[in-house]
Amino acid sequence: MNISYLWGDLGHLLTISTFVSAAALSYLSFVSTKNSRTLYALFSIHGISLIGTWICLYILLFQQRYDYYYVWSHMSNWLSLPYQISCLWEGQEGSFMLWMLFQAILAGICLWKKKYLKLRTLSILMAIQTLLGSMILGVYFGDIAIGSSPFQLTRHMLNIPIFQTEPHFIPTDGKGLNLLLQNYWMIIHPPVLFFGFALTGVPFAITLATLYQKNFGKYYQEFLESIRKWTLLTISILGIGIMMGAYWAYETLNFGGYWSWDPVENAVYIPWILTLAQLHMIRLSKDKKHYLRYALTLPILSFSLVWYATFLIRSGILGDSSVHAFTDAGLSGQLLSALILFISIPLLYLLKAWKYLPKANYTQKNSLEMGMLIGISLFLLMAFQVLVPTSIPVFNSLIQMLSGYSPQWAPPIDAINFYADFQIWFAIGIAILSAIVPFWVPHLQALRKSISWFIFLVLGIASLCLLVFPLADIRHILLLSSSLFSVLAQISYLFYTWKKIGFNSSSAAGLSHLGIAMMLIGILLSAQDQNLSTNYTGKIWNSNFPDEINTDNMLLFQNEPRKMLGFQLVYQGIYKKTEIGFQPAHLLQATHNPTHWIRLDSVQKIPRKDTLKIPEAHKNYFKIQYQRPNKSEISLWPQVQYQEDRIVYSPHIAKYWNKDIYTHVRTFSDPQKIKWTPETEKWIKPQDSLLVKDYTIQFQTVEPVPPEILADYPPNTMALQARLLVKDKEHSYFVQPKIFVKGKELGFLPGTIPELGIRLTLIQIRPETEDFLFRVERTQKPWIIIEMIEKPFIHLIWIGACLSALGMFCALLNPSTSLLHAKKF
Amino acid sequence: MNNVRIIAIALLGLGLLVLISTARNTSQYVDFQEAQKRQDTKGNGPWVHLIGNLVQNQQEEIIGIIQGPHETSFSFLLKDEKGKIERVWYPKPMPTDFTRAEKIVVVGRFVKKQFHAKKILLKCPSKYQAEDSVL
């Protein structure tokens with residue numbers, strides 16, 4: 001067998017070259033004092049090697065080389081192009097490569113554009129890059145592996161017998177991309193998130209480079225301006241990445257929300273909150289020099305927490321407590337060393353510099369400063385409160401390492417309420433502070449006089465809101481009023497600043513705070529969700545269910561309208577999304593190509609000539625007609641995907657200006673698992689009718705089976721088909737059961753009406769009297785159990801997130817202005 | 001300075017509060033024997049985390065899964081790390097990949113001597129894959 005390992009071997013070689021050039025560049029930029037051509041040349045080698053690694057991996061994926069483990073694990077035949085690309089970063093190794101790609105871009109920007117402490121910053125960025133590169137190195141020293149390469153062969157990774165008998169065996173298909181990840185958000189969310197991760201490295205590198213300088217005072221303002229811009233970018237990109245993940249979870253996962261306080265989510269939330277603290281601390285130190293020491297501490301803290309997150313997610317330590325953590329790929333030791341390195345070295349430098357950093361001269365603090373300090377403290381607490389429970393698995397391991405006995409602590413049972421109970425108080429504090437503190441910004445002093453009007457107005461609006469949303473919990477009322485206060489305050493700042501000086505960085509801050517306040521309102525109101533699928537029938541769907549599932553879910557039988565409170569639902573069967581729109585699944589016939597399907601005629605069930613393209617045929621949609629009085633009818637399309645024995649449900653979200661209606665299927669009658677029970681057997685003549693329970697069967701004629709259908713059967717087969725019309729109250733259905741005779745052998749092809757749950761088989765003929773024996777079998781009508789939830793004002797979360805990111809971008813374009821108008825030192 | 005000192009003390013105090021509340025809300029990984037020991041006389045126990053795997057027969061087929069009506073709920077046999085087997089009731093449809101899980105964490109409690117799970121976490125094999133699905 002002639003297999004080329006060229007691309008794999010080249011890729012592996014290029015990963016090594018990426019690693020070596022990163023290390024060399026880091027060293028060289030550390031020792032050199034001015035720009036040299038060697039630096040640019042080394043960087044080019046690094047960049048080309050990294051891009052080359054990507055190209056090699058992509059070629060292997062594109063060629064479906066399942067003899068490579070990474071390709072086999074993530075790729076499959078027939079995966080569409082966008083998802084092929086997202087395969088590149090689905091795995092552990094690929095996601096490190098993504099991080100490295102962004103890190104390299106940032107290092108490049110630093111090399112070409114940066115002025116402030118360029119070489120040192122570059123050196124530290126490349127040191128981070130070297131450590132990242134070591135994670136995908138895949139080099140062995142004896143038994144010790146450094147990194148896990150994406151270019152490993154399947155036969156080296158899988159310990160299965162076939163490779164012993166047939167060493168060159170290549171699997172014919174890959175495991176494919178996880179069904180849940182086959183979503184457009186998953187193409188864009190990981191790159192944005194890893195860009196955010198890479199960005200946290202820049203303020204860290206600038207900080208470390210600054211700490212390394214002996215005469216630090218000289219660089220003070222330059223340092224703050226430089227780090228401020230990168231921090232702003234970090235917050236917005238990381239925040240957008242997190243929100244994309246939240247939106248994906250809302251749209252794809254079936255748990256009915258967008259955030260579940262899973263350890264993996266927490267691990268990213270913590271550094272993001274810390275970057276917020278960092279930004280505000282930078283802002284404070286711009287005016288008061290003695291805050292500088294904290295402004296130098298926070299970037300180190302948030303960066304090391306990014307690595308802590310990486311360690312938690314990828315070392316397998318979260319194993320028992322998180323649904324979507326990676327399992328250990330043998331990198332835990334390496335990740336732990338990187339983490340220790342990233343905490344200890346900067347800490348050492350910080351301690352060394354600490355005594356030289358400016359001290360407070362105990363002047364009177366003004367209110368603005370106090371407010372910001374309290375705000376920063378709240379951010380720290382917010383992060384700390386999430387950090388402690390998320391680290392429980394780490395505590396277990398640590399205590400076991402030290403004492404040999406594991407305490408077996410587990411995360412809180414009800415994570416959502418546990419975290420929310422704390423975080424809501426922080427959110428209230430943040431909302432109040434972000435509303436009040438800017439009143440003390442000098443140029444907004446005139447506004448301060450009208451603060452009592454604001455409070456009146458807020459209380460008025462809040463009471464009106466309470467009429468619509470009867471909030472009972474005092475914390476909810478507080479959060480609503482404080483966020484409303486913040487919204488009003490921000491809007492008036494924006495106007496006032498606009499009138500006085502136009503748009504500057506404090507208006508940008510106002511915009512971001514407005515976004516955050518809107519998000520808080522959205523979070524609060526959407527949590528006041530209302531169940532629309534309340535079971536008023538008095539029936540119990542399943543006695544094993546806890547009460548809330550029996551009362552909150554609705555059972556719908558196909559084509560049976562069900563009146564709900566204020567609207568009506570009809571379930572109309574399973575559909576697939578084709579190039580010409582939704583088509584009933586039972587009228588579609590698969591071909592050998594999973595994206596090409598044949599449309600059957602709805603009456604005759606004979607293939608039409610045309611084939612239809614179905615890009616994602618494993619996705620099935622339940623069609624539910626949703627009808628409100630005096631409103632036009634709409635269709636809801638909750639989803640189920642199945643591949644082999646995996647079943648994944650996703651909701652349908654109907655969007656209105658003031659709410660989302662979230663519909664998801666809990667379970668359905670699987671057409672592949674139907675059990676038929678005989679109902680009756682009757683002899684009838686053509687033109688006769690038969691009444692069975694709630695429908696009539698009209699026997700029209702008997703005719704020979706058309707030769708094109710018979711062509712598939714052995715020669716000399718005789719076949720007849722009956723034409724039957726089955727009517728229930730509203731619809732009529734047409735079926736053609738067939739009977740085949742060859743010698744003494746009989747064959748039957750029943751006619752099925754899935755909508756009615758009946759099946760008719762022609763089982764015997766008496767030619768002399770023209771009597772035909774039909775067997776009628778019944779099964780349960782197709783059904784689904786759904787839950788419908790109305791989530792008021794959930795868009796405010798997404799709009800608010802976009803607004804606050806917009807504010808950050810505006811701030812990036814505006815140099816920061818002094819808040820205090822205090823004299824600079 | 002006084003103000004800053006107040007903030008610092010408040011920060012420490014609230015930090016301590018966070019630690020205490022975490023400690024109070026922390027659950028524990030236990031085995032069935034321990035969970036049963038904590039039951040009261042009616043057979044109701046506290047919420048716990050429990051790690052185990054599915055029970056297989058000699059042909060490595062999973063045994064003991066019982067589907068509820070409409071497959072909207074199910075129960076299964078869980079063997080804890082000490083080898084004790086108990087039936088676990090779960091009020092939701094069987095999760096995707098359930099039968100492939102090499103390790104299962106259930107969050108639940110004993111109610112009238114029956115173990116009811118409210119959450120199931122699955123650890124699916126990523127390195128190891130059964131032979132039949134390769135081919």
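Which residues in H6(A) meet H9(A)? Hold that for a moment.

First, the ground rules. This is a predicted model: local features need pLDDT of at least 70, side-chain atom pairs count only at pLDDT 80 or more, and totals for chains, interfaces and linings use all residues. Residues are numbered from 1 along each chain as its sequence is written, while chains are lettered from A and ligands numbered from 1 in the order in which they are written.

Now the opening question. From H6(A) we have Arg120(A), Thr121(A), Ile124(A), Leu125(A) and Ile128(A). Their counterparts in H9(A) are Gly201(A), Ala205(A), Ile206(A), Leu208(A), Ala209(A) and Tyr212(A). Contact here puts the C-beta atoms, placed from the backbone, within 7 Å. Helices (H or I, at least four residues) and strands (E, at least two) are DSSP runs, numbered from the N terminus. H6 covers residues 118–135 of chain A, and H9 covers 185–212. Their axes come within 8 Å and cross at roughly 130 degrees. That makes the pair oblique. Angles under 35 degrees count as roughly parallel, over 145 as roughly antiparallel, 65 to 115 as roughly perpendicular, and the rest as oblique. Axes are lines fitted to C-alpha atoms, for helices over the stretch in contact, and angles run from 0 to 180 degrees between N-to-C directions. The crossing of H6(A) and H9(A) is right-handed. Right-handed means the near helix is turned clockwise from the far one by less than a right angle; anticlockwise is left-handed.

Step back to the whole of chain A. It has 23 helices and 28 strands. Its C-alpha atoms fill a box of roughly 115 × 75 × 55 Å along the principal axes. Of its 825 residues, 43% are buried (20 or more other C-beta atoms within 10 Å of their own). Among contacts with a separation of 6 or more, 67% join residues 24 or more positions apart.

Next, domains, with bounds from an automatic or database assignment. Domain 1 of chain A is 1–177, domain 2 is 547–669 + 784–790, and domain 3 is 676–778. The C-alpha centres of domains 1 and 3 lie 62 Å apart.

H1 (6–31) and H2 (37–62) of chain A pack at about 155 degrees, axes 8 Å apart. They are therefore roughly antiparallel. Their crossing is left-handed.

H10 (220–252) and H23 (795–813) of chain A come within 9 Å, crossing at roughly 165 degrees. Again, that makes the two roughly antiparallel. This crossing is left-handed too. Residues that meet include Leu232(A), Met243(A) and Tyr247(A) from H10(A), and Trp798(A), Met808(A) and Phe809(A) from H23(A).

On to a sheet in chain A. It is open, four strands, order S18-S27-S26-S25, with antiparallel pairing. Strands pair if DSSP finds at least two bridges between them. S18 (677–684) and S25 (751–753) of chain A stand at the edges with a single partner strand each, so one side of each lacks a neighbour in the sheet. Neighbouring strands are turned by 20 degrees on average, direction ignored. Eight bridges join S26 (758–766) to S27 (771–778) of chain A. One bridge pairs Thr761(A) with Arg775(A).

Finally, chain B. S5 (85–90) and S7 (114–123) of chain B pair in the parallel sense over two bridges. There, Val88(B) stands opposite Phe115(B). S6 (103–111) of chain B pairs with S7(B) in the antiparallel sense over nine bridges. Ile104(B) stands opposite Leu122(B). S6(B) and S7(B) form a hairpin with two residues between them. In that turn, Lys112(B) has a positive phi of about 45 degrees.

Notes:
Buried ≥ 20, exposed ≤ 12 C-beta atoms within 10 Å, placed from the backbone. Contact = placed C-beta atoms within 7 Å.
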